[in-house]
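Biologist: I am new to this one. Could you walk me through how to read its features, step by step?

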Amino acid sequence: MEIEILSASGSKPIGKIRVNEDATIKNVKDKIHQSLKTSLYPDRQSIKQEAKGRSLKDETTLKSLNIDDGAKLYLQDLGPQISWKNVFLAEYAGPLFVYLWVYQRPWILYGNVTSSPGTVASLAAACWSVHYGKRLLETMFVHRFSHGTMPLRNLFKNCAYYWLFTLYIAYHINHPLFTEPCSLCVYVGLAGFAICELGNFSIHILLKNLRPPGTKVRRIPVPDGNPFSQLFNFVSCPNYTYEFGSWFFFTVMTKCIPAGIFAVVGLYQMSVWALGKHRNYKKEFPDYPKGRKAILPFIL
């Protein structure tokens, strides 16, 4: 059947394409790129039924939308795109490089430094390296992304958040005048950080196993044999809970106010994401566990 494609901005006709009746929106995007000789590759396209309507999902079929021969669809340019995987790699490689740069070359920020980094500063550098090293490895070998790309402009915003916070925290912890906290704070903070890092990794592995490779299948996440996954009995996004826990205990270990600010800002952003995912779970699955919160057990 024939579909007319119009611009979502101004409703200007772009051209016509022919697709099968059982075609999906993904097929429509591919056809637009191939048949209309446009520079808008599929990931850069947003297809809508109305000029100011919602974007249609790739897996949605034209038949389910009651789109017949001669119908019109609207095309919006999303701008240059970059894969989520590359965004994550850039976000996480930066903090690893910046922190170790400050730790190993303190003279760059502080001038002539004669003393070596203290025990807590060295532990903090190790913890920071473990966290972001884990993030990089998970991005390459664990995460399965439901969305292929994001706008390229977001890369700079996301990287600025991680890289600048890293510089802010590293400057204080590695400062020659940094005062180490008590031994109890260090031991409790280090132990809590390690537990939360293991918990975060365990949840990521469980979430990976929920989604078969190359699909966008969604299931209700439930605890498995791993004790860290028991947090699913209380929250929808325990990976975010453990993530906040890591930075909370990192703050306890270092008694660094910038690290605490980073933990609180991260908790706010992850709460926004968790609440959105929690709502989607309840909407998509009628039998979703009613006792779960989004990110903080019994609270939020």
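Biologist: Let us start with Glu2: where does its relative accessibility place it?

Modeller: The general idea is a scale of relative accessible area: buried means under 20%, exposed over 50%, and partly exposed in between (1.4 Å probe, protein chains only). At 28%, Glu2 counts as partly exposed. Please keep in mind that this is a predicted model, where local features need pLDDT of at least 70, side-chain atom pairs count only at pLDDT 80 or more, and totals for chains, interfaces and linings use all residues. Residues are numbered from 1 along each chain as its sequence is written, and side-chain values use heavy atoms, with hydrogens and water left out.

Biologist: Which side chain meets Glu2 in a salt bridge?

Modeller: A salt bridge is a side-chain nitrogen of Lys or Arg within 4 Å of a carboxyl oxygen of Asp or Glu. Here the partner of Glu2 is Arg18, at 3.9 Å from N to O. Arg18 sits in strand E2 (residues 13-18) and Glu2 in strand E1 (residues 2-7), 16 residues apart. Strands (E, at least two residues) and helices (H or I, at least four) are DSSP runs, numbered from the N terminus. Arg18 is exposed at 54% relative accessibility. Glu2, Lys16 and Arg18 are linked in a network of salt bridges.

Biologist: How many salt bridges are found in the whole structure?

Modeller: The search finds eight. One of them joins Lys29 and Asp58, at 2.8 Å from N to O. Lys29 is in helix H1 (residues 25-35) and Asp58 in the loop between E3 and E4, so this pair ties together parts that are 29 residues apart in sequence. Lys29 is buried, with a relative accessible area of 8%, while Asp58 is partly exposed at 21%.

Biologist: And Glu243: which residue is its salt-bridge partner?

Modeller: That is Arg135, with the closest N and O atoms 2.2 Å apart. Because Glu243 lies in helix H7 and Arg135 in helix H4, the pair ties together parts that are 108 residues apart in sequence. Both Glu243 and Arg135 are buried.

Biologist: Now the inside. Which residues have the most contacts within the largest nonpolar core?

Modeller: In soluble globular proteins, nonpolar side chains tend to be buried together. A nonpolar core is a set of buried Ala, Val, Leu, Ile, Met, Phe, Trp, Tyr and Cys residues joined through side-chain atoms within 4.5 Å. The largest one here has 43 residues, and Tyr99, Tyr132, Ile169, Ile173 and Phe250 have the most contacts inside it. Helix H4 gives the most to this core, with eight residues. Ile173, found in helix H5, is buried at 1% relative accessibility.

Biologist: What about the surface: which residues form the nonpolar patch there?

Modeller: Patches are made of residues with over 30% relative accessible area and no salt bridge, joining like charges within 9 Å and nonpolar side chains (Val, Leu, Ile, Met, Phe, Trp, Tyr) within 5 Å. The nonpolar patch holds Trp107, Ile108, Leu109, Leu167 and Tyr171, with about 440 Å² of accessible area together. Helix H3 gives the most to the patch, with three residues. Ile108 belongs to helix H3 and is partly exposed at 33%.

Biologist: Finally, how is the whole chain built?

Modeller: It has eight helices and six strands. Of its 300 residues, 45% count as buried, and its C-alpha atoms fill a box of roughly 75 × 45 × 30 Å along the principal axes.

How values were computed: Accessible areas come from the Shrake-Rupley method with a 1.4 Å probe; for residues, only the protein chains shown count as cover.
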